[in-house]
Each structure stands twice: as structure tokens, then as C-alpha cells.
Amino acid sequence: MHESAYDLSFDEAVRDFCDDQEYKGNSPATVRYYRSNLGRFQRDAEIAAISDFSERKIRRWLVSHRDVSSATLATYDRCLRVFARWLHHRGYVDCNPMANLSKPRNKTRPI
């Protein structure tokens with residue numbers, strides 16, 4: 001395991017994650033997308049450290065955005081899932097906080 005979750009700030013984790021995305025060859029637009037969405041989540045959910053990145057806070061934040069389109073909600077969910085998997089894979093967290101969280105259902109709109 002790298003640093004413990006209690007030693008790593010959320011900002012540092014996002015910076016490491018985005019650096020890794022650039023290293024993997026993702027486009028600058030993709031990296032900006034991750035940085036923007038994770039920053040929005042951090043600000044709105046009041047996340048300071050990786051230890052604050054919990055299923056409960058993630059679920060509350062996603063529920064608070066139910067008024068956006070289902071496609072936008074799905075992109076928020078996907079961004080957080082990719083980040084959570086990366087944190088777990090890198091050993092920054094012991095378990096993936098989104099592992100037991102269902103994906104949001106698509107809203108169907110009448111034609």
C-alpha cells in the first residue's frame with residue numbers, strides 16, 4: 001500500500017490520478033473532464049481527504065444531482081467509479097467505496 005488513506009489529501013489523489021491518465025495517453029479533454037468532475041464532487045460533498053471518500057457521501061452527492069439528465073448523472077457516476085477503482089488498485093484505499101453501489105437507472109422519457 002502507498003500512503004495510508006488518512007495521509008493522502010483528496011487533492012493529491014486527484015492530481016496523481018490525472019497524472020496517471022495523462023501517462024496512459026488519455027486526451028487533454030479527458031483529463032480535464034476527470035479533474036472538473038472530481039473537483040465538483042470534492043467541493044459539493046466537502047471531501048478533504050481520501051478517508052472522506054465513502055459510499056455514503058458518494059450516494060448522497062449523486063442523489064443530490066437527480067435533476068440533471070440521466071446521461072449527465074451516468075457520466076458523474078462513471079467518473080467516480082473510475083477514480084474509486086484506481087484508488088483501490090493503487091492501494092490508496094482498502095476497498096472500493098463504490099463496489100456495492102448500484103449504477104443509477106436511466107430515466108425514460110415519453111416520446
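Arg 81 touches Met 98, Leu 101, Ser 102 and Lys 103, with residues up to four places away in sequence left out of the count; contact here means heavy atoms within 4.5 Å. The model is predicted, so local features need pLDDT of at least 70 and side-chain atom pairs count only at pLDDT 80 or more, whereas totals for chains, interfaces and linings use all residues. Residues are numbered from 1 along each chain as its sequence is written, and side-chain values use heavy atoms, with hydrogens and water left out.

Arg 81 is part of helix α4. With a relative accessibility of 11%, Arg 81 counts as buried (buried is under 20% relative accessible area, exposed over 50%, and partly exposed in between, for a 1.4 Å probe and protein chains only). A polar atom of the Arg 81 side chain lies 3.2 Å from the backbone oxygen of Met 98.

The chain contains 4 helices and 0 strands, and its elements run α-α-α-α from the N terminus. Helices are DSSP runs of H or I with at least four residues, strands are runs of E with at least two, and both are numbered from the N terminus. Of the 111 residues in the chain, 40% are buried. Among contacts with a separation of 6 or more, 64% are between residues 24 or more positions apart.

Helix α4 comprises residues 70–90. Its 21 residues reach 30 Å from the first C-alpha to the last, close to the 30 Å expected at 1.5 Å a residue; the expected span is 1.5 Å times one less than the number of residues. The buried residues of α4 include Leu 73, Tyr 76, Leu 80, Phe 83 and Leu 87. The buried residues of this helix pack against α1 (10–24), α2 and α3. Gly 91 follows α4 and has a positive phi, near 85°.

The axes of α2 (residues 28–45) and α3 (residues 55–63) come within 10 Å and cross at roughly 100°. Axes are lines fitted to C-alpha atoms, for helices over the stretch in contact, and angles run from 0 to 180 degrees between N-to-C directions. The two helices are therefore roughly perpendicular to each other (65 to 115 degrees). On α2 the contact is made by Arg 40, Phe 41, Asp 44 and Ala 45, and on α3 by Lys 57, Ile 58 and Trp 61.

The loop between α2 and α3 contains Glu 46. Phi of Glu 46 is positive, near 55°, in a residue other than glycine. Glu 46 is exposed, at a relative accessible area of 64%.

Technical notes: Parallel < 35°, antiparallel > 145°, perpendicular 65-115°, else oblique. Polar contact = N/O pair within 3.5 Å; in protein donor to acceptor, adjacent residues only side chain to side chain.
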